[in-house]
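Please look at the sequence and the model, then continue with the sections below.

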Amino acid sequence: MKSHLKTIATRTARALIFTSNPSILIDEFISLCHRRELSRAMEAMNSLQRHGIRADAVTYSELIKCCVAHRAIEQGRAVHKHICSNGHTPQTFLNNVLLNMYVKFNLLADARNLFDEMAERNVVSWTTMISAYSNNKFNGEALGLLVLMQREGVRPNMFTFSSVLRVCDGLETLRQLHSGIVKFGLDSDVFVRSALIDVYAKWGELDDGFCVFNEMVTGDLIVWNSIIGGFAQNGRGEEALDLFKVMRTAGFPANQASLTSVLRACTGLALLELGRQVHAHLLKLESDLILNNALLDMYCKCGSLEEASFVFEKMSERDVISWSTMIAGLAQNGQTTEALELFESMKSSGPTPNYITMVGVLFACSHAGLVDDGWYYFRSMKRLFDIDPGREHYGCMVDLLGRAGKLGEAIRFILKLQCEPDITIWRILLGACRVHRNVDLAIYVGKKILELEPGDEGTYILLSNIYANSQRWEDVVAVRKIMDGRGLKKEPGCSWIEFNKKVHAFMLGDKSHPQIDEIIMKMSLLMRRLMEVGYVPDTNFVLHDLEGEQKEDALQYHSEKLAIVFGLINIPKEKTIRIIKNLRICCDCHTFAKLFSMIENRHIVIRDPVRFHHFRNGVCSCGDYW
DNA sequence: AGCCATATAT
């Protein structure tokens, strides 16, 4: 019945267009615009034109919205022409609507032409033009217009600032914008506030962002998300999680963006248990691609590939980031074959790989010693996906060659590069020198790095380790002296482990943990059993000024060993012992963990700053190659 | 008008 009536109505409407009564014509025109019936509205507009009738600005603005909704560029231009026919000049309101239309169609040049020709420009006109530039990353233009508008005496509003903040090109500009915001009394607006927090966080001045947050009397979920996201992205996961709790207590229900930041914090702190709770929680929300990608990454970086694969398989939508995350995750966890297989299936049935996907693929090859495959993928990037290799890919290639012991080839590769080799490339090569104990090259490369960055403590430490490894104690002393002279200190080793919803942290030789006596007792028993199966403490990396037995003692209390024994005591036998480290694992602890996994029949995962070690049955997933 | 996800090296 309803549809029958509708048919009659439509027929009547169609007939009306061809009547010549102007007021009926215009009513029908308005109604078509409101109903977003574009093609018939256009017909109506043309017939109005034939009768020399004009509609009012509001009606035209409805028609323009209709064009935007249908993404009808040509019709939009026709409407513009119609409005301006017979020398008419649209009022500012209508010009703004037209301006907005060109911006929505991303026709920036047309928008700018109209903007320049407008007789009067109000704050909406300026803001529309500014946000068009800022959305298209024309940062200079956007910032320039903000200055011009003020010169012409137009006061920017909160819309203007929240658009322009996104293209802020540095801290200095940011501070200027911030003072402008205060000057115009816009600093209490939630939109401006969240944008300010976000930009401070992006420029690394999180504490200033936090001040903006703290000045807030009333805020909304997005302001909370901005500050929590800021902490999560700047490696300050604990604070992100604390604030999240405060937000929940304040009565704001978490949305997808909030949980994405929480997951990112979990990822940084390797809090697998908490991550799992977030997983359970997010299933109640509408599925969100970004959130799922963060979940996937969390499982990968917490070393639980089973759960990561499960999430990946179940995702209703997967984009290039999902695939890249999974490939890199498999690679970092030593599952090279799986990583490369997944890449092959991405090529045949997934999204087109991007720059970052290829970094993951090359990483997989370099860490598994697959030199030929690495070369193949490196060379195929341009041909298959039109990706120009960049510094990151060069870095992987140097790593690939260096790790495989082809140090000469690695140097030749570096020297042939189009770009000047940067400090990262030299660091990678230095790492290869350490693995292959090439002292001479290490010294050469180390000097290169210190030329570029004289205070680089990592390089001094690596050099001293390399000297120690070849028993060149005088050189070790010399390096240490330079370090002392420069006031450089080695960051103390720290490992942590999640148990009973708490994080237990261990520092080198730290005796403050409540269970430390039990741990030390268990450790000495363990050491005895390990020695029986052939464990020999490797004291090469211990400070040179200790005597033999003291060296072994220092080794015993390496933070990861303490954490392993803590896990042995507390974590149920069938569960994986998961440990996170702030420094890379040393050879001795690596051997210790391998033998431990064998004699105790336990699965241990240790995440260091760059990769994972899965120890099972006396073997490590890194293949002793790290 | 504002918030959330992927990569090399140390």
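## Basis of the model

A polar contact is a pair of N or O atoms within 3.5 Å; within protein, one atom must be able to donate a hydrogen and the other to accept it, and residues adjacent in sequence count only if both atoms are side-chain atoms. The model is predicted: local features need pLDDT of at least 70, side-chain atom pairs count only at pLDDT 80 or more, and totals for chains, interfaces and linings use all residues. Residues are numbered from 1 along each chain as its sequence is written, chains are lettered from A and ligands numbered from 1 in the order in which they are written, and side-chain values use heavy atoms, with hydrogens and water left out.

## Contacts with the DNA strand

A polar side-chain atom of Lys 301 lies 2.4 Å from a phosphate oxygen of DNA strand B.

A residue is near a strand if one of its heavy atoms lies within 4 Å of it. Of the atoms of DNA strand B within 4 Å of the protein, 53% belong to sugar or phosphate, and the rest belong to bases.

Residues 288-318 are 74% helix and 0% strand, with end C-alpha atoms 10 Å apart. For residues 319-353 the content is 77% helix and 0% strand, and the end C-alpha atoms lie 10 Å apart. Helices (H or I, at least four residues) and strands (E, at least two) are DSSP runs, numbered from the N terminus.

The domain assignment of chain A gives domain 1 (1-88), domain 2 (413-490) and domain 3 (495-620); such bounds come from an automatic or database assignment. Taken over C-alpha atoms, the centres of domain 2 and domain 3 are separated by 27 Å.

## Nonpolar cores

A nonpolar core is a set of buried Ala, Val, Leu, Ile, Met, Phe, Trp, Tyr and Cys residues joined through side-chain atoms within 4.5 Å. Buried means under 20% relative accessible area, exposed over 50%, and partly exposed in between (1.4 Å probe, protein chains only). The largest nonpolar core has 170 residues, and those with the most contacts inside it are Phe 29, Leu 63, Val 164 and Phe 413. Helix α18 (residues 289-301) supplies the largest share of this core, 8 residues. Domain 1 (1-88) and domain 2 (413-490) both give residues to the core, so it lies between them. A second, separate core of 31 residues includes Leu 568, Ala 593, Ile 604 and Cys 622.

Contact means heavy atoms within 4.5 Å. Not counting residues up to four places away in sequence, Leu 63 touches Phe 29, Cys 33, Leu 38, Ala 41, Met 42, Met 45 and Val 79.

## Selected helix residues

Gln 332 is found in helix α20 (residues 320-332) and is buried, with a relative accessible area of 18%. Beyond residues up to four places away in sequence, Gln 332 touches Lys 301, Phe 363, Arg 611 and Phe 612. Ala 232, in helix α14 (residues 221-233), is also a buried residue, with a relative accessible area of 7%. Leaving aside neighbours within four places in sequence, Ala 232 is in contact with Ala 240, Ser 261, Arg 264 and Ala 265.

Val 124 belongs to helix α8 (residues 123-135) and counts as partly exposed at 44% relative accessibility. The C-alpha atoms of Val 124 and Thr 160 are separated by 8.4 Å, although these residues are 36 residues apart along the chain.

## Loop residues with positive phi

Lys 137 is not a glycine, yet its phi is positive, at about 60°. Lys 137 lies in the loop between α8 and α9 (139-151) and counts as exposed at 65% relative accessibility. Ala 270 likewise has a positive phi, near 55°. The place of Ala 270 is the loop between α16 (256-269) and α17 (272-282), and Ala 270 is buried, with a relative accessible area of 8%.
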